[in-house]
Amino acid sequence: MPVTKEAIVKEDVNLTRRRALQCMAWAGTGVVWTIGGGVPRTLGLLGEARAAEVPKGQLTFVQISDTHLGFKQPANPDPAATLGEVIAKINALPTQPAFLVHTGDISHLSKEAEWDAADQVIKAANKEVFYIPGEHDVADVDNGKAYLARYGKKTQGRGWYSFDAGGVHFVGLINVFDFNPGFKSAGLATLGDEQLEWLENDVKGLAASTPVVVLAHLPLWTVYEPWGWGTADAGRALSYLKRFGSVTVLNGHIHQIVQKVEGNLTLHTAASTAFPQPAPGSAPAPGPMTVPAEQLRKHLGLRNVDFVHGKAGAPALTENPLAA
Amino acid sequence: MSNKLLVAALAVALPSLAFAQVSATPMATAAATPARVEINQMRFEPTSLTIAAGTTVTWVNDDESPHTVTDRGRVFRSSALDTKDSFSYTFATPGEFTYFCTLHPMMVGKIVVKPAGSS
């Protein structure tokens with residue numbers, strides 16, 4: 001029988017660093033979560049066999065994030081290598097994902113050579129990949145022109161899009177443009193009126209029973225305001241999604257796993273495949289965190305997302321670090 | 001304009017020539033002195049810089065993280081500057097420019113441009 005654990009996220013309405021660390025501790029153990037009606041349950045400790053017990057025939061996909069190809073500082077001198085290890089782990093999954101999603105910061109400096117390097121590694125998964133940009137992908141002198149020319153061909157506005165797969169509605173939102181200078185809330189990301197109006201219309205005709213997955217780079221809730229880890233107008237986006245029975249928001253940007261539940265909305269930031277960042281407020285500033293080499297892979301990894309029938313359309317999430 | 005400034009810049013660089021040039025155009029000499037902003041430890045240093053119109057400001061990234069130099073009004077904007085990369089912009093007209101790093105929006109700096117010839 002799977003281990004049952006009424007877990008962390010249930011009481012995690014008020015995010016604190018302690019709770020975040022507990023979340024990360026659980027993530028590190030590789031627990032498979034099933035989330036139904038906002039109350040998560042675990043299926044069992046992650047192992048190849050356990051993961052294979054997830055019922056077949058439903059949509060499974062993988063989230064990777066913050067690959068930062070081109071980064072070469074001591075926190076990880078070779079992010080292509082660790083990305084390669086993540087791709088190998090994906091290829092070894094007993095249930096192969098239908099596709100990958102990449103929640104931004106593909107590159108470190110918005111250079112074609114860095115995106116080429118990412119392609120070279122990721123293509124070994126032989127899967128379709130749905131991308132959204134991080135702020136590092138729109139740091140060219142034309143503020144995103146290079147990214148949109150390469151990745152934005154089938155997108156709306158400045159890169160947002162939606163699609164349907166396995167009965168699940170996916171929305172890719174862009175919150176890496178239009179930053180304002182400043183401390184506190186002034187430095188938060190924004191989605192902007194044009195995109196928010198598009199989102200409202202995009203989901204208007206959907207039945208409330210349709211599971212929704214939202215991709216964005218910066219978190220759609222304020223994880224830590226002094227470091228700009230949030231999106232100023234996220235509340236408006238989430239207000240359009242509240243009526244759905246299952247909404248799963250997958251973010252990157254902060255290079256660590258933090259989770260939050262708000263009713264039927266579950267929000268999850270992801271590990272990077274390149275390097276960790278400090279826990280909120282635990283360092284003078286955010287940025288690459290150098291850990292002992294033998295610990296680096298505990299901080300890096302992928303996330304497996306499985307939709308299981310009969311659970312209110314909610315997915316089971318598996319945090320899958322490169323090293324336990 | 002730029003030739004005149006170049007002459008003035010040389011005047012500063014070459015003290016033996018400086019006397020005559022500085023006497024002729026003392027304010028242009030001040031305006032032509034290139035200014036430099038260091039980026040280090042997630043800060044622009046100096047955070048606020050006052051220059052004369054016509055001055056070229058060069059930002060140098062001495063930090064481990066990449067940064068951008070982005071004017072709030074998008075009048076000027078660098079690409080992502082890797083460690084040791086630099087970006088220069090010549091401020092032709094007076095005004096006040098608030099700029100920041102789009103990768104780390106909490107990093108904010110200011111350039112105050114006075115009319116050339118004012119002290």
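A: Of the 119 residues of chain B, 45% count as buried, where buried means under 20% relative accessible area, exposed over 50% and partly exposed in between, with a 1.4 Å probe and protein chains only. This is a predicted model, in which local features need pLDDT of at least 70 and side-chain atom pairs count only at pLDDT 80 or more, while totals for chains, interfaces and linings use all residues. Residues are numbered from 1 along each chain as its sequence is written, chains are lettered from A and ligands numbered from 1 in the order in which they are written, and side-chain values use heavy atoms, with hydrogens and water left out.

Q: Which elements make up the secondary structure of chain B, from the N terminus on?

A: Helices (H or I, at least four residues) and strands (E, at least two) are DSSP runs, numbered from the N terminus. Chain B has 3 helices and 8 strands, in the order α-α-α-β-β-β-β-β-β-β-β.

Q: How is a sheet read, and what is the order of the open sheet of 4 strands in chain B?

A: Strands of a sheet pair through backbone hydrogen bonds, either parallel or antiparallel. Two strands are taken to pair if DSSP finds at least two bridges between them. In chain B, the open sheet has the order E3-E8-E7-E5, with mixed pairing. Strand E3 (48-52) and strand E5 (70-71) of chain B each have a single partner strand, so one side of each is left without a neighbour in the sheet. E5(B) is joined by 2 bridges to strand E7 (residues 95-101) of chain B, and the two run antiparallel. Within E7(B), B:Phe100 is the residue opposite B:Thr70.

Q: How is the size of an interface expressed, and what area is buried between chain B and chain A?

A: Interface size is often given as the accessible area lost when the parts come together. Here the loss is summed over both parts, with a 1.4 Å probe. Chain B and chain A bury about 1,800 Å² between them, and carbon and sulfur atoms give 60% of that area. On the side of chain B, the most area is lost by B:Arg77, B:Leu103 and B:Met106, together 31% of what that side buries. The contact (heavy atoms within 4.5 Å) takes 20 residues from chain B and 24 residues from chain A.

Q: Which residues form the salt bridge between chain B and chain A?

A: A salt bridge is a side-chain nitrogen of Lys or Arg within 4 Å of a carboxyl oxygen of Asp or Glu. The rule finds 1 across this interface: B:Asp82 pairs with A:Lys72, the closest N and O atoms being 3.0 Å apart. E7 and strand E8 (104-114) of chain B each supply at least two residues of the side that touches chain A. The largest share of that side, 3 residues, comes from E8(B).

Q: In chain A, is A:Thr67 buried or exposed?

A: A:Thr67 counts as buried because its relative accessibility is 0%. A:Thr67 lies in the loop between strand E3 (60-64) and helix H3 (79-91) of chain A. Beyond its neighbours within four places in sequence, the contacts of A:Thr67 include A:Pro79, A:His102 and A:Thr273.

Q: Where does A:Met289 lie, and what is its relative accessibility?

A: A:Met289 is in the loop between strand E11 (265-269) and strand E12 (301-307) of chain A. At 26% relative accessibility, A:Met289 counts as partly exposed. Not counting residues up to four places away in sequence, A:Met289 touches several residues, among them A:Ala75, A:Phe275 and A:His299.

Key:
Buried area = accessible area lost by both parts, 1.4 Å probe.
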